[in-house]
Amino acid sequence: MDRLTAMHVFVRVAESGSFTRTADQLDLPRATVSTAIQQLEASLGARLLHRTTRRVHLTQDGAALLERCRSILADMDEVDNMFRQTASRLSGKLKVDVPSRFGRRLLAPALPALFERHPDLELELGVTDRAIDLIQEGVDCVVRVGNPGNSSLVARPLGEFAMINCASPAYLAQHGLPASPADLDHHWAIQYASPSTGRVAPWEYQQQGGLQVRAVRGRITVNNAETYIACCLAGLGLIQVPAYDVQDHLANGELIAVMNDATAAPMPVYALYPHRRHLSQRVQIFIDWLASLLLTPLR
């Protein structure tokens with residue numbers, strides 16, 4: 001195994017803390033991963049990793065080498081991109097993770113055009129609503145809706161989703177049409193709990209020059225966007241949701257928008273990726289494409 005490949009394996013082992021996980025990520029036998037590290041240590045004359053039955057830890061020499069390897073590999077990737085692809089063409093494998101509704105409603109329908117433009121691109125697409133560890137899972141970038149909070153990741157704004165309040169015709173026939181937030185005292189809301197923190201999102205709306213919060217009773221709490229909308233379609237209560245998420249349901253009358261002058265603030269959308277001195281051209285161009293995707297009328 002050549003030195004650069006061994007460095008790449010070392011970086012993955014250091015970031016994931018596992019020989020087995022690295023082997024899975026790189027589609028290599030575990031023995032090959034172990035041999036690569038042994039050869040790299042032998043060639044450098046230094047022990048790079050402490051190995052235990054549960055986890056792998058960097059030695060002091062390993063920690064010093066890790067940043068140098070990341071820099072070298074990023075530079076080589078950039079050089080490779082100069083000769084193997086133009087600014088408008090991607091190649092190689094890209095591993096990304098997106099929210100479930102984003103993946104189904106926006107990303108999947110647009111992928112044929114992406115692959116037509118970049119036929120050499122391989123995309124491994126994860127679809128989750130929870131926070132993931134990009135380093136541990138070997139993910140290049142993720143898309144997340146909402147404030148990214150404090151994080152060691154780089155957060156690039158992609159755009160925002162306009163929000164809407166809605167309910168099913170059956171629910172409104174039974175409970176009446178809320179004309180203002182004051183009417184919410186007599187209504188039910190479907191509660192949405194963050195799949196990462198378990199925190200239930202409050203009912204929010206913009207009025208009087210600021211963001212207002214109101215308590216609305218609920219009898220069901222979900223932690224998945226698909227189920228959240230499904231419960232609304234079933235007539236279980238009101239929801240607040242990005243407008244693009246329910247466009248089809250609104251168009252065919254399955255859902256009805258309410259209180260259009262008291263909606264929540266638009267939801268920001270971010271691409272998150274690990275901090276690196278050089279971001280690969282493959283990731284840069286893919287994120288640029290995502291940003292252009294959010295400018296489409298579907299939003």
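Modeller: In strand β7, the residues Met-163, Asn-165 and Ala-167 point one way, Ile-164 and Cys-166 point the other way, and all are buried. Buried denotes under 20% relative accessible area, exposed denotes over 50%, and partly exposed lies in between, with a 1.4 Å probe and protein chains only. Because 5 of the 5 residues of β7 are buried, the strand is largely enclosed by the rest of the structure. Strands are DSSP runs of E with at least two residues, helices are runs of H or I with at least four residues, and both are numbered from the N terminus.

The model is a predicted one, in which local features need pLDDT of at least 70 and side-chain atom pairs count only at pLDDT 80 or more, whereas totals for chains, interfaces and linings use all residues. Residues are numbered from 1 along each chain as its sequence is written, and side-chain values use heavy atoms, with hydrogens and water left out.

Strand β7 belongs to an open sheet of 3 strands in the order β12-β7-β13, with antiparallel pairing. From one strand to the next, the twist averages 55 degrees. Two strands count as paired if DSSP finds at least two bridges between them.

On one side, β7 (residues 163-167) pairs with β12 in the antiparallel sense over 4 bridges. Here Val-241 in β12 is the bridge partner of Ile-164. Helix α8 (residues 225-233) packs on the sheet and touches β7 and β12, its direction making about 130 degrees with that of β12. Contact requires heavy atoms within 4.5 Å; axes are lines fitted to C-alpha atoms, for helices over the stretch in contact, and angles between N-to-C directions run from 0 to 180 degrees. Asn-165 stands opposite Gln-240 in β12.

With β13, strand β7 pairs in the antiparallel sense over 3 bridges. In that strand, Val-258 is the bridge partner of Asn-165.

Glu-124 counts as partly exposed, at 37% relative accessibility.

Arg-144 forms a salt bridge with Asp-97, the closest N and O atoms being 2.7 Å apart. Arg-144 lies in strand β5 (residues 141-145) and Asp-97 in strand β3, so this pair ties together parts that are 47 residues apart in sequence. Arg-144 and Asp-97 are both buried.

The side chains of Arg-156 and Asp-288 also meet in a salt bridge, at 2.7 Å from N to O. Arg-156 in strand β6 (residues 154-161) and Asp-288 in helix α10 (residues 281-293) are 132 residues apart, and the pair links distant parts of the chain. Arg-156 is partly exposed, with a relative accessible area of 29%, and Asp-288 is partly exposed as well, with 39%.

Conventions. A salt bridge is a side-chain nitrogen of Lys or Arg within 4 Å of a carboxyl oxygen of Asp or Glu.
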